[in-house]
Amino acid sequence: MSGIGFVGEPIVVESPNVEYSKNEIISRYEYRESRVVGNRVTPLNENLIFKTQRQVPKTGVLLVGWGGNNGTTLTAGILANKLKTTWMTKEGEHHANFLGSICRSVTMRIGIDDNLQPVHAPLYDVVPMLNPVDLEIWGWDISSMNIADAMVRARVLDYDLQRKLYPELKDMVPWPSVYSEDFIAANQNDRADNVIQGTKQEQLQALRQNIREFKQSKGIENVIVLWTANTERYAEVREGVNDTADNLLRAIEANESEIAPSTIFAVASILEGCTYINGSPQNTFIPGVIELSERHQVLIAGDDFKTGQTKIKTVLSDFLINSGLKLASVVSYNHLGNNDGKNLSAPKTFRSKEISKSGVIDDVIRANRLIYGENEHPDHCVVIKYVPYVGDSKRAMDEYTSEIFMGGRNTIVLHNTCEDSLLAAPIIMDLILLAELCTRVEIKRAQDEEYTRMHPVLSILSFLLKSPQVPSGSPVVHSLFNQRYSITNFLRALVGLPPETFMLLEHKIP
Ligand code: NAI
Ligand code: DG6
């Protein structure tokens, strides 16, 4: 019998390298790399031990920008799954689902069966993961509109679904937030009726108090703070202001103008020991914030959710260049009519998005010195236009031109139409679920006494982010499949399984 097998329950690895106890999974893992000096390549092995807590703590997420399209769509989507809501459209009855989430809708190969055929399992059955319907959600917004009306304002979900969820969401009212007109587009001003007054230090204290009260009132053990508010302009990195953790804390006390609202949120979150995720492109993680996260050993991840166009771009550029074709020009147009598009119509906020969207093919280019000279790079142009009529239904048009064999040209044109927030919401959920898992993982070298938490900068979440933050000195990987296998291989490592190699040697030895 042949066919792809599927395990529909939590997997248990039987190996001398893995121990399952009531509370922990301990995995002994041989990490293999090769050191290259000139043309000499030496294989290296390092023995590591992972320890994963099996009990998922009660977890809450605080969304900054809760009343926006992403925030309301995520909240409504998780609630609809929890309530198993069904709704009608002209196509018939729909059921809540988690399509678009790698944690809930993707399987990974875990081995082979007796017939040497692959067997797959859901990611959430490899190690214990938070079930999204158990997540407590709350947040802040500069707009005081309750989440039910904000969902209606977003014009993302079907009418009948909105109607069914409205009563459940109408009493959820975002907390007032930190607002600075200088950091987002002026066209957002009329939304800002829910703002914390006072100095930056007072704002920081108010946010910290919100986090503490959320924890206490709902009995939450682990809080994650996630920015899905408007894209800000880049903050200037100034010596003595935001270049070190101490300077940043002093600058907040001194009410310095160049401290962005998102940075105040990141600082509040870190000081409260809460993982902070940045879903927008701005440079929230200025050096002072990164140093603070390292000092407090609090996890951070960013920047900018990776939904449609950029995912395709990283796949296509990888496909073209790693097929030996010379990608020479990439032109990406977007138009959209939601509030994100409105905010991005200002040059300073557009610039943040342009930087984030433009860097995503750099690593695949630099890895190939056969095709590209040292400073050579394809033309790469990113255009975003605000067209209110299309609402959340973003249009992305891309043209890829490559040089092929013997002077030929290969041009690929794509047109993608999709509700932006329906792509973003499951990605936000995955960021929360994977970040939560990372708070339960500790690691050490076999010879070390003590375990440590993972490096606070969570590069493992790169699959979900356009412009991944990585630990200082670590390479940034944009290739989508490499990013995905870095997640699934990491999960395999937590239960003592070797990385996926795709070699299928069991079928190649006569
Ligand atoms: P949105 O404009 O609908 O929502 C943003 C919300 O943030 C609004 O409700 C606004 O009132 C609020 N806000 C603005 N400044 C705030 C502050 N200082 N504190 C608290 N709330 C504040 O935008 P949407 O579509 O939800 O996107 C959110 C962010 O996610 C944007 O930065 C966008 O660029 C980014 N993003 C969105 C993607 C998508 O596919 N939808 C993908 C990648 C990134
Ligand atoms: C215009 O592109 C609006 C943006 O907020 C994007 O929709 C968002 O960044 C998603 O971009 P991408 O490239 O991941 O589809």
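Which residue in β9 stands opposite Thr-107? In this predicted model, Thr-107 faces Pro-122 of β9. Residues are numbered from 1 along each chain as its sequence is written; local features need pLDDT of at least 70 and side-chain atom pairs pLDDT 80 or more. Side-chain values use heavy atoms, with hydrogens and water left out.

Strand β9 (residues 118–122) runs antiparallel to β8, and five bridges join the two. Strands are DSSP runs of E with at least two residues, helices runs of H or I with at least four, both numbered from the N terminus; two strands pair if DSSP finds at least two bridges between them. The open sheet comprises three strands in the order β1-β9-β8, with mixed pairing. Its edge strands, β1 (5–6) and β8 (107–112), each pair on one side only.

Helices α6 (residues 245–253) and α8 (residues 287–296) pack at about 110 degrees, with axes 7 Å apart. Axes are lines fitted to C-alpha atoms, for helices over the stretch in contact, and angles run from 0 to 180 degrees between N-to-C directions. The two helices are therefore roughly perpendicular (65 to 115 degrees). Across this contact (heavy atoms within 4.5 Å), Ala-245, Asp-246, Leu-248 and Leu-249 of α6 meet Gly-288, Val-289, Glu-291, Leu-292 and Arg-295 of α8.

Nine aromatic pairs are found in the whole structure, counting rings of Phe, Tyr and Trp (its six-membered ring) with centres within 6.5 Å. Among them, Trp-140 and Phe-265 are edge-to-face, at 4.9 Å centre to centre and 75 degrees between the planes (edge-to-face: over 60 degrees). This pair links strand β10 (residues 136–140) to helix α7 (residues 261–271), its members lying 125 residues apart.

Notes
Chains are lettered from A and ligands numbered from 1 in the order in which they are written. Angles under 35 degrees count as roughly parallel, over 145 as roughly antiparallel, 65 to 115 as roughly perpendicular and the rest as oblique. Rings of Phe, Tyr and Trp (its six-membered ring) pair if their centres lie within 6.5 Å; planes under 30 degrees apart count as stacked, over 60 as edge-to-face and the rest as tilted.
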